[in-house]
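Please open the structure in your viewer and keep the selection tool at hand.

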Amino acid sequence: MRLLFDRNTWQEIFGSIRKNKIRTIITIIGVLWGIFVYIAMSGAAKGMDNGFEKSFETVAMNSLFAWAQSTSKPYSGYKTGRQLQLKLGDATVLQNRIPELQYIAPRNVKGTFGSAPASITRGSKSGNYPVYGDFPVFTKIATKKIYDGGRFVNDDDIEQARKVCIIGERTQKEMFEEDEDPIGGYIRIDGIYFQVVGVHKFVQNAPFDSDSDIYIPFTTYRRLYNSGENVGWFSMAAFDDADVIQVEEDVKSVLKNIHRVDPTDERAFGTFNLGEVFSKIMGFSKGLTFISLIVGIATILAGIIGIGAILLISVKERTKELGVRRALGATPGEVRTLIILECLFLTLIAGIMGIILGALTLSIVNNATQGIDFPYTNPTVPIPLVMGAFALMLILGILIGLIPAQRAVSIRPIDALREE
Amino acid sequence: MIEIKDLHKSYKMGSNSLHVLKGINFTAEEGELVAIMGSSGSGKSTLLNILGMLDEADSGEYTLDGVPIKNLSETKAAQYRNKFLGFVFQSFNLINYKSALENVALPLYYQKVPRKERQEKALQYLERVGLKEWATHLPSELSGGQKQRVAIARAMAAEPKVLLADEPTGALDSTTSYEVMDLIQKINDEGNTILVVTHEEDIAHMCKRIVHLRDGVIVEDKKVKQVRASEYVQ
C-alpha cells in the first residue's frame with residue numbers, strides 16, 4: 001500500500017511507460033477501443049430508449065382502441081355477416097362493467113376510413129379535411145398540444161353543442177393568412193360556420209392522424225352529420241397498474257354481450273392495444289441495451305487481455321532490465337508491483353480516454369440527429385454502468401497484470417544477466 | 001570481509017551434472033583488490049555469482065562482513081545485494097531508457113533514499129567518474145568507456161561493502177580498459193574492497209592479488225606488485 005502512494009513508484013512507472021512509447025500506445029488503443037464501444041453502444045441504446053419513450057409520451061402507454069366490424073358467426077337468431085355499430089351508450093356500460101378502465105372517449109370521424117372528408121371554406125379559400133367529433137376526455141388518453149391562446153373541446157361545448165372547432169397546423173396555414181390570429185376566426189365546415197378556438201400541434205398518435213385534422217364537439221358532430229347515437233370507435237385508457245391485454249379482452253366480451261354477438265366470434269369487434277406495441281418496442285430497446293452491455297464488456301475484456309499479452313512480451317524484452325533491477329536490490333515484490341501498476345495505469349488511462357471519446361461521440365451523434373425524425377434522445381450512459389465498467393477494468397487490469405508480473409518475478413537475476 | 005569455506009556448486013545438464021566449483025576456500029580482507037583469473041569454464045563467473053548472491057552454492061560456507069549468507073529468500077537476497085554489493089558487468093547493463101543520472105540513482109531508489117538526496121548523491125558519484133556533464137544523456141549517447149564508468153558510479157552509489165566486477169574491461173579497447181582500471185584502482189585506494197573477474201593478464205596485474213582458478217579449484221593465490229593503470233593513461 002505504501003508503494004501505491006509513493007511518488008517514487010509512480011516516477012518509475014511513468015518512466016517505464018514514457019520510454020516504451022509504441023508499446024504504451026498499442027496497449028492503450030486496445031482498451032480504449034473496448035470502453036469506447038461500450039460507452040458508445042450503451043449510450044446509443046439508451047438514446048433509442050429515450051427516443052421511443054419520447055415518441056410515446058403524447059399517448060397513454062396503456063391505451064387501447066375498439067371498433068365495430070361485422071359478425072362472422074350466427075348467434076341468437078341473427079345471421080352471420082351482420083354489420084355492427086357502436087353506440088354512445090356502450091361507453092357507460094363499458095365504464096361500469098370494467099373497473100380497470102380509467103378513461104373512455106367515444107369518437108367519430110368524417111374523412112378517414114373511407115368516408116369523404118368534410119369540405120372546409122373560408123372566404124375564397126377552401127379545402128377538404130377530416131373532421132373528428134370528440135369529448136374533452138380524449139385529451140386524457142392522447143395528449144393534444146394546443147398552441148397558446150387556444151383550447152380543446154370542453155364540457156360546455158358538449159352540453160350546448162357549440163359550433164367551435166380546433167384546427168390543425170396545415171388547416172391554419174391554408175385557411176388563414178400568415179400574420180392572422182386564427183383564434184376567434186370563423187370557417188365553414190360543410191356549410192356551417194364554426195368558430196376556431198384552438199390550433200393543435202401535430203403529433204402522430206395513430207397512423208391516421210394528420211396535421212389537417214379538425215376537432216369539433218361530439219354533440220355538434222352528431223347534429224352536423226346526423227350520426228345519432230353512433231360511435232366510430234372508442235379510445236380508452238386503462239389504469240397504470242392494469243393488465244392492458246386483459247382489459248382488451250374484457251372490452252371485447254362486454255361489447256359482444258351488448259350487441260348480442262357470439263362470445264367466440266373473433267371478428268365482430270376490432271381492438272388495438274398500444275400497451276402491447278409499446279412493450280414490444282421497449283423490449284426491443286431493452287434487448288439492445290443488454291446486447292450493447294455484453295458486446296461492450298466483451299470488447300473491454302479483449303482489450304485488457306491484449307494489454308496482458310503485450311506486457312508479457314514486454315517483460316520478455318525487458319528481461320535484462322528487470323535482472324539489473326534485481327541485482328541492484330529490487331525485491332521480487334517491488335518488481336511485481338511495478339509491472340502490475342504499469343498494467344493498471346495503462347488500463348485506467350485507456351479507460352478514461354475511451355470514456356471521454358465515447359461521450360464525445362454520443363454528443364456529436366445527438367446533435368446530428370436533433371430535428372431529424374429519428375427516435376434518439378439524450379443518449380447517456382448511467383453512472384453506475386460507467387462505474388461498473390471502471391471497476392471491471394480495475395480488477396481485470398490487476399488480474400491480467402499478475403501474469404506478466406509473475407513472469408517477471410520468476411526470471412532469476414542470474415539468468416537475466418547471463419551473457420548471450 | 002569475505003570468507004568462503006569449501007564451496008561446491010554443480011549444474012545439472014540433462015542427465016549428467018557438471019561439477020563447476022569443487023571446494024573453494026578463499027578470504028579477502030577489507031581494502032583488497034583481487035583479480036580472479038581463469039580460462040572460460042574454470043568457474044570464475046559462477047564463483048562471482050555466488051559471491052553476488054545471484055546464485056546459491058550447493059554446500060560450503062559464505063560469510064560477508066560477518067553475516068552468514070545462506071538460504072536467503074529472494075527478498076532477503078535483494079536487500080543484501082542492495083546493502084552489501086555493487087555490480088559492474090561486462091556489458092554494462094545500464095537501463096537504456098534512463099539517463100546516466102537516473103541509472104546511478106537506481107540502487108538508491110531501492111534503498112528508499114528520498115528523491116532529492118538520491119539525485120544529489122548520484123550526481124556526486126557521476127562527478128567522481130568524470131561524467132557530470134553527461135548526467136542527462138541516455139546510455140545510447142555514451143561511448144563504451146563512459147558507459148562502464150556510469151556503471152561503476154552506479155555500483156558505488158549504494159556505498160557497498162564489496163564491488164564485484166565481472167570482466168569490466170571485456171568489451172572495451174585497451175586504452176579505455178586502462179582508464180576504467182585506473183578508476184577502479186582509485187576507488188580501491190579509498191579503501192573499498194573490489195573483486196575483478198578477468199582473463200586478461202595485464203588487467204589482473206593492475207590488482208594487488210591474483211587468484212587463479214582451474215577446473216573449479218584455486219590453483220594459485222599470490223600477491224602481486226600492482227601496476228598502476230595511470231601509467232598507461234595520458
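**A hairpin and a helix pair in chain B**

Begin with strands E4(B) and E5(B) (residues 67-68), which run antiparallel and are joined by 2 bridges. Strands (E, at least two residues) and helices (H or I, at least four) are DSSP runs, numbered from the N terminus; two strands pair if DSSP finds at least two bridges between them. The model is predicted: local features need pLDDT of at least 70, side-chain atom pairs count only at pLDDT 80 or more, and totals for chains, interfaces and linings use all residues. Residues are numbered from 1 along each chain as its sequence is written, while chains are lettered from A and ligands numbered from 1 in the order in which they are written.

Select B:Leu64 next; opposite this residue, in E5(B), stands B:Val67. E4(B) and E5(B) form a hairpin with 2 residues between them, and B:Asp65 in the turn has a positive phi of about 55 degrees.

Now select strand E1 (residues 2-13) of chain B, which pairs with E4(B) (residues 59-64) in the antiparallel sense over 5 bridges. Within E4(B), B:Ser59 is the bridge partner of B:His8.

Finally, select helices H4 (residues 115-128) and H5 (residues 144-157) of chain B, which pack at an angle of about 130 degrees with their axes 9 Å apart. Axes are lines fitted to C-alpha atoms, for helices over the stretch in contact, and angles run from 0 to 180 degrees between N-to-C directions. To the contact (C-beta atoms, placed from the backbone, within 7 Å), H4(B) gives B:Lys121, B:Ala122, B:Tyr125, B:Leu126 and B:Arg128, and H5(B) gives B:Ala153, B:Met156 and B:Ala157.

Key: Contact = placed C-beta atoms within 7 Å.
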